[in-house]
Amino acid sequence: MHPLWLLFMEEVQWLKAMLRRELEVRPPMSDKKEAKLLAGNCVILHDRGEIVGYAEMRKVGKHTEISTVLVDPSQRNKGVGKELILKAVESIENDKILCCTKNPAMAKVLQNLDFKSIGWPGLSTATMLTFNTFARLFSMVIRFEFRRIWQQGKGIHKYERYELTK
Ligand SMILES: CC(C)(COP(=O)(O)OP(=O)(O)OC[C@H]1O[C@@H](n2cnc3c(N)ncnc32)[C@H](O)[C@@H]1OP(=O)(O)O)[C@@H](O)C(=O)NCCC(=O)NCCS
């Protein structure tokens with residue numbers, strides 16, 4: 001097997017382990033689907049050759065949303081989350097960037113980078129966010145991820161939408 005492929009599979013396994021551990025984010029999917037996401041629209045940070053941070057980006061209505069922000073537990077509170085979001089912001093061409101969270105550390109990272117808490121994100125973005133919420137719920141149900149559903153559902157009113165206008 002090619003050494004680069006092995007390295008890539010290590011990243012897939014890291015991502016799946018992080019997704020399994022963190023109940024505030026989406027559930028892990030198959031190796032093939034995670035590999036596709038890692039090779040697609042995301043930002044990744046390394047430290048001494050090891051993956052330490054990951055975030056996904058996708059178009060949601062008029063916004064580009066940064067989601068599934070993950071930092072290795074051994075590397076938290078050292079600025080990796082901030083670096084990840086900065087890298088994502090730099091790579092996004094859209095002038096409206098959105099991030100939804102109820103995680104206090106994530107909220108702090110966003111506030112430090114001048115993201116503003118917003119109420120109504122506009123009809124097209126709100127519609128897509130609602131659609132994505134139901135799609136995520138469905139994906140959790142078919143994976144029997146009931147702890148994750150409970151964890152995300154019980155604090156649903158605490159989610160805040162943060163926007164950055166470039
Ligand atoms: C959220 C997360 C990505 C942050 O990554 P990180 O590398 O620790 O972030 P940084 O080190 O850049 O910054 C963390 C900031 O939050 C602050 N912070 C940490 N814990 C906090 C808490 N409980 N309450 C408030 N602020 C907190 C830190 O002091 C720091 O702010 P400062 O730079 O002003 O001192 C990381 O904790 C993580 O992967 N969490 C699990 C997955 C998750 O919930 N992701 C968010 C989904 S949207």
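Below is a short chat about the ligand site and a few loops in this predicted model.

Colleague: Where should I look to find the ligand's surroundings? Which residues come nearest?

Modeller: Remember that this is a predicted model. Val 69, Asn 77, Gly 79, Gly 81 and Lys 108 come nearest, out of 22 residues around the ligand.

Colleague: What classes of residue make up that shell?

Modeller: There are 10 nonpolar residues, six polar and six charged.

Colleague: Let's get to atoms. Which polar side-chain atom lies 2.9 Å from a ligand oxygen?

Modeller: One in Asn 112. Lys 82 also has an atom 2.9 Å from an oxygen of the ligand, but there it is a backbone N or O. Arg 76 uses its side chain, with an N or O atom 3.4 Å from a ligand oxygen.

Colleague: How much of the ligand does the protein bury?

Modeller: The protein buries 73% of the 970 Å² that the ligand exposes when taken alone.

Colleague: Back to the helices. How do H3 and H4 pack?

Modeller: Their axes are 10 Å apart, and the angle is about 55°. Angles under 35 degrees would count as roughly parallel, and 65 to 115 as roughly perpendicular. H3 and H4 are therefore oblique to each other.

Colleague: Is the crossing left-handed or right-handed?

Modeller: Right-handed, as H3 passes H4.

Colleague: New topic, the loops. What sits between E4 and H4?

Modeller: Lys 102 is in that loop. The side chain of Lys 102 makes a polar contact with the side chain of Glu 24, at 2.8 Å.

Colleague: Which backbone oxygen lies 3.5 Å from a polar atom of the Lys 102 side chain?

Modeller: The one of Gln 151.

Colleague: Where is Phe 144 found?

Modeller: In the loop between helix H5 (123-142) and helix H6 (146-154).

Technical notes
Residues are numbered from 1 along each chain as its sequence is written. This is a predicted model: local features need pLDDT of at least 70, side-chain atom pairs count only at pLDDT 80 or more; totals for chains, interfaces and linings use all residues. Side-chain values use heavy atoms; hydrogens and water are left out. A residue is near a molecule or strand if one of its heavy atoms lies within 4 Å of it. A polar contact is a pair of N or O atoms within 3.5 Å; within protein, one must be able to donate a hydrogen and the other to accept it, and residues adjacent in sequence count only if both atoms are side-chain atoms. Accessible areas come from the Shrake-Rupley method with a 1.4 Å probe; for residues, only the protein chains shown count as cover. Ala, Val, Leu, Ile, Met, Phe, Trp, Tyr, Cys and Pro count as nonpolar, Asp, Glu, Lys and Arg as charged, and the others, Gly among them, as polar. Axes are lines fitted to C-alpha atoms, for helices over the stretch in contact, and angles run from 0 to 180 degrees between N-to-C directions. Helices (H or I, at least four residues) and strands (E, at least two) are DSSP runs, numbered from the N terminus. Angles under 35 degrees count as roughly parallel, over 145 as roughly antiparallel, 65 to 115 as roughly perpendicular and the rest as oblique. A crossing is left-handed if the near helix is turned anticlockwise from the far one by less than a right angle, and right-handed if clockwise.
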